[in-house]
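Subject: Structure handover, with notes on side-chain contacts

Dear colleague,

Here is the structure I said I would pass on. My notes on its side-chain contacts follow below.

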Amino acid sequence: MILSTMLQRVAAASLQKTNDSEPAPPPGADTQLPPGCPAPQFYSEEHLYLPPGVDRHGGGVPSIVGDLLEAPSIEARAELVRGMLHTLDFDWLGYGAVAYMRGRWWPLSFFTAYANPEWTRRYFAQNYCGVDLRQQGVPASSLPLAWDVAQLEALAAQAPEDPSGLRQRFLGDLHASDIRSGLLFRLASPTHVNQHTVISLLSRRPGSHWITDSVIGQGLILGLSVHEYVSRHTRIVGAPGTGRIEISATQQDILQHLLQGRSDKEIANRLDLSSHTVDYHMRQLRRRFAARNRVQLVNAVQQGDSDFGVLGEL
């Protein structure tokens, strides 16, 4: 229990510190918030795409990642992840990207495949990222935070007044979504000092005493394995005036064909995708690049490529 006790002490100290002020941004962080700050990009297993040339059979990768890559279907992969979660007494796994801008954390994208759907809907509809005591309490060292609702309620009671009531709604929606405890950690982006991947394991089980060193270790392995699996399917690209925008490898391939003047039907045929999938990604791309039509999207992408280009794997 030495590790978990140390982590809880570090987390408690971090949470207490946030009662007096917002956490300081990492050195060199970009504090320019995109106008309107769009909702995060939601994606699921159906929207992932493993680029050609990547080993689909897990050779040379950690065993859990190999199992995920080898799973014969989306359903089998979900069953595998849920089975590993339940073995540890967790029920859901949330995975997303956030950026620190203007003194707070903003969500960029969220992978819905293994998440609690009710909590996901409530969390982003209410924009809880800005009042999430767990986000504020994760140590800067990226050590995991073991938490429970009772601890968050106690800390919220010591925090400054909350005239909007948003913090109380955040705690109430945790209860309403049947979430009582969890493990959360952040991974720094290798390319952007103000961006992180957030991995959250959630449980119906009350209290945090059961989140032992062993559970923390196995939870980290599972979370990092999902990160490795998802990272093999996504890249980051830039767009003018909006900072860095994360898009999937599928969307990147669609953009390449779009820039070559191909129609949606031609793109679907060349990428072996359904017309519905191409339409979904086109709508997501127009939203992310603030474009109303294909012409505006092409112009935005071309300008974005000249300004930033493809930045590599997540």
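**Side-chain contacts**

R205, at 35% relative accessibility, counts as partly exposed (the class between buried, under 20% relative accessible area, and exposed, over 50%, with a 1.4 Å probe and protein chains only). Before the rest, two notes on the source. This is a predicted model, in which local features need pLDDT of at least 70 and side-chain atom pairs count only at pLDDT 80 or more, while totals for chains, interfaces and linings use all residues. Residues are numbered from 1 along each chain as its sequence is written, and side-chain values use heavy atoms, with hydrogens and water left out.

Salt bridges come first. The count is 10, where a salt bridge is a side-chain nitrogen of Lys or Arg within 4 Å of a carboxyl oxygen of Asp or Glu. R205 pairs in this way with D89, with 2.5 Å between the closest N and O atoms. D89 sits in the loop between α3 and β2 and R205 in the loop between β6 and α8, so the bridge ties together parts that are 116 residues apart in sequence. Helices here are DSSP runs of H or I with at least four residues and strands are runs of E with at least two, numbered from the N terminus. D89 is also partly exposed, at 35% relative accessibility.

A salt bridge also joins D173 and R122, whose closest N and O atoms are 2.6 Å apart. D173 belongs to helix α7 (residues 166-176) and R122 to helix α4 (residues 117-125), so this pair ties together parts 51 residues apart in sequence. D173 counts as buried at 12% relative accessibility. Both residues belong to a network of salt bridges that links E118, R121, R122 and D173. R134 and D132 form another bridge, at 2.8 Å from N to O, and both are buried.

Next, the aromatic rings. There are 12 aromatic pairs, counted when ring centres of Phe, Tyr or Trp (its six-membered ring) lie within 6.5 Å; planes under 30 degrees apart are stacked, over 60 edge-to-face and the rest tilted. F90 and W210 have ring centres 5.1 Å apart and planes at 55 degrees, so they make a tilted pair. F90 is in the loop between α3 (74-87) and β2 (92-101) and W210 in the loop between β6 (195-203) and α8 (213-231), so the pair ties together parts 120 residues apart in sequence. Both F90 and W210 are buried.

Y123 and F124 form an edge-to-face pair, 5.2 Å centre to centre with 75 degrees between the planes. Y123 is buried, at 7% relative accessibility. One aromatic cluster takes in F42, F110, W119, Y123, F124, Y128 and F170.

Regards
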